[in-house]
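Morning, everyone. Please look at the screen.

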Amino acid sequence: MEHRFFRVADALRQTYASRQEGHRFLVRVEGKEVEVSALPLGEHRFLLRLPDRQLVVDWARKDKEVFLQLDGQGFRLKEEDAAHSVSDGDHGDENEPALNSPLPGRVVKVLVAPGEEVKKGQPLVIIDSMKIEFEFKAPRPGKVEQVLAVEGKQIDVGQCLVILKQ
Amino acid sequence: MRGIKPIKKVLVANRGEIAVRIIRTLREMGIRSVAVYSEADAGASHVAAADEACLIGPAPSAESYLRIDRILEAAEKTGADAVHPGYGFLSENSAFSAAVSGAGMTFIGPCPKAIQALGNKLNSRELALKHGVPVIPAVTEDKDREAFRKAVRKMGYPVLIKAAAGGGGKGMRVVHKDEDLEPFLEMAKRESQKSFSSDQVFVEKYLVRPRHIEFQILADHHGSVIHLNERECSIQRRHQKIVEETPSPLITPELREEMGATAVRLASAVGYVNAGTVEFIVDEDGHYYLLEMNTRLQVEHPVTELVLGLDLVAEQIRIAEGRPLRFKKSPEPRGHALECRLYAEDPANGFLPSPGRIAWLHEPSGPWVRNDCGVRSGSEVSSFYDPMISKLIVWGEDRPAAVARMKRALRDYAILGVTTNRDYLLDIIGHEAFAKGELHTGFVEQHLHGWKPGQGSLEAALIAAAVLPASRPGLEAASGGAAPRHDPWLTVGDWGR
């Protein structure tokens, strides 16, 4: 399962993809889930099979920038670090203690307890979203003050999961 | 009358797509080619295309592609017997034409006298007036500022300030009211000084919704001058053409004959030899006025080639060898041809150039699709030179067929890694006013003002982004930016990856 953030024309978009067998993927974007396949056609091309049509996708990467062309349209996307995007992109201040969920789903497991010191990038909570599990990581080091995530409970985008003090 | 002197080896004093295009014709004619290049262009397509290549200096044009001495040195060293200047750079520099001839080589273009007579816009105006070629009413700058202002006012606003030595939109300003004349004049003079080393400007009547229509000329050393019909180049941004076509949707057979004869008359008047283009501006009522004559191959020459089925560079070479023209009048044109200029620039941001490395280039193909291109995957679009990437040219049996083919070819054309005007061109070609042939030089301001790239396929793009292979930071660093590029010989096992 892979969770990514892309900045397109100043708006932050999130995508999830989990690889099924072969070239098939389960993808979630803009609140919709689709099963697609991506057949490589060389280093910078692949054939994207959507449920209702297929498209040739040309793509290239330059550092964090992704260039895409499909269906006659060009796109320039900036890939952003997921943890960074959640605390910085979505919720303003990087030092904001409340860490909010970047996606809706169900809390599978809580990995930290109040009072615990955590390192940057340390997994805090595992969330299941559309049958895809993903680790919610600490965007910075700190001390866990409060854990609001409850195992087995449904959560919404932006719902506070952990309060992390500097 | 002069004898025929076959050309055996041509130095191409240019770079990019036009150098590649000229070298291709040379190879087809069995003539050897010499490329010249700056330090920035060592790995460029035109260098690889030629039989030999000579380094002529550092990246800035003034120290390389504009250095007559170094280019002549390269020609001597390689034993070239002719020089093709392409367009831009030294192509309309009479001193260059003279220096090439002076060194005993053939200049594939007009003689210095003709370049001089037509190169300066004020000179060519006088020449035109003398030979009954209509010109736009104009006022030349006067030391007596009050008299000058009066004359401009009498002609009537809006007016256009132009550099006498100019071209390419530099030093041009539209003035709508009296109080703007003075400040805009100063700006135009400064721009002209910087671009052309001359601050001589003049003011002419600005036509509303004018069309740019030009006639291709061929003239030999035996006194024959013919025209090869028109090209319409009304789709422009910042006074530079971006879409060109032939035949013009505006021109009737009668108007074609009249304007063509006028163009031939002007070329004949200066004893013009080789290929040239007489540019006219045509108003809404079909009145036409001389804009200027370009004494070189035009960027948009391929549209003429496609409808006539001939190679203008080959004709230029035959003329330069002293051969008579192969026809007494233009071959009958067939169908319709369109050209789009692809630029590394941002149409959503004032057409700002967007230099950088092209990470992936996929050229369109198929019947009657031609892409004159000077770059490839991995090429750097350098900020030292014009940011044009290529010219996409298509032919169709009529205009709607050519338009449909151009749309398809533009859709198939992937240039990734720099911002380009590809999507913008697609929106021009797809516009209903374009389909109707309602063209004028203000077309893009009227129909595409405030343009932003479309987001229609954003959802599909996000799905594609979601499944992209993860980035490999090590590889990116090796192939991006200023870092040395991936060298296959360092990792032989990786070759073909």
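**A barrel in chain A**

This is a predicted model. In chain A, eight strands close into a barrel, in the order β1-β2-β3-β4-β5-β6-β7-β8, and the pairing is antiparallel. Neighbouring strands of this sheet are turned by 35 degrees against each other on average, with direction ignored.

Now bring in chain B. Helix α16 of chain B, residues 458-467, packs on the sheet. The helix touches β1, β2, β3, β4, β5, β6, β7 and β8 of chain A. Its direction makes about 130 degrees with that of β3(A).

A quick reminder on sheets. Strands pair through backbone hydrogen bonds, and they do this either parallel or antiparallel.

Let's take one pair. Strand β3 of chain A covers residues 24-29, and strand β4 of chain A covers residues 32-40. How many bridges join β3 and β4 of chain A? Six, in the antiparallel sense. Arg24(A) has Ser37(A) in β4(A) as its bridge partner. For Val27(A), the partner in β4(A) is Val34(A).

What about the turn? The hairpin of β3(A) and β4(A) has two residues between the strands. There, Glu30(A) takes a positive phi near 50 degrees.

Terms used:
Residues are numbered from 1 along each chain as its sequence is written. Chains are lettered from A and ligands numbered from 1 in the order in which they are written. This is a predicted model: local features need pLDDT of at least 70, side-chain atom pairs count only at pLDDT 80 or more; totals for chains, interfaces and linings use all residues. Two strands pair if DSSP finds at least two bridges between them. Helices (H or I, at least four residues) and strands (E, at least two) are DSSP runs, numbered from the N terminus. Axes are lines fitted to C-alpha atoms, for helices over the stretch in contact, and angles run from 0 to 180 degrees between N-to-C directions. Two residues are in contact if their C-beta atoms, placed from the backbone, lie within 7 Å.
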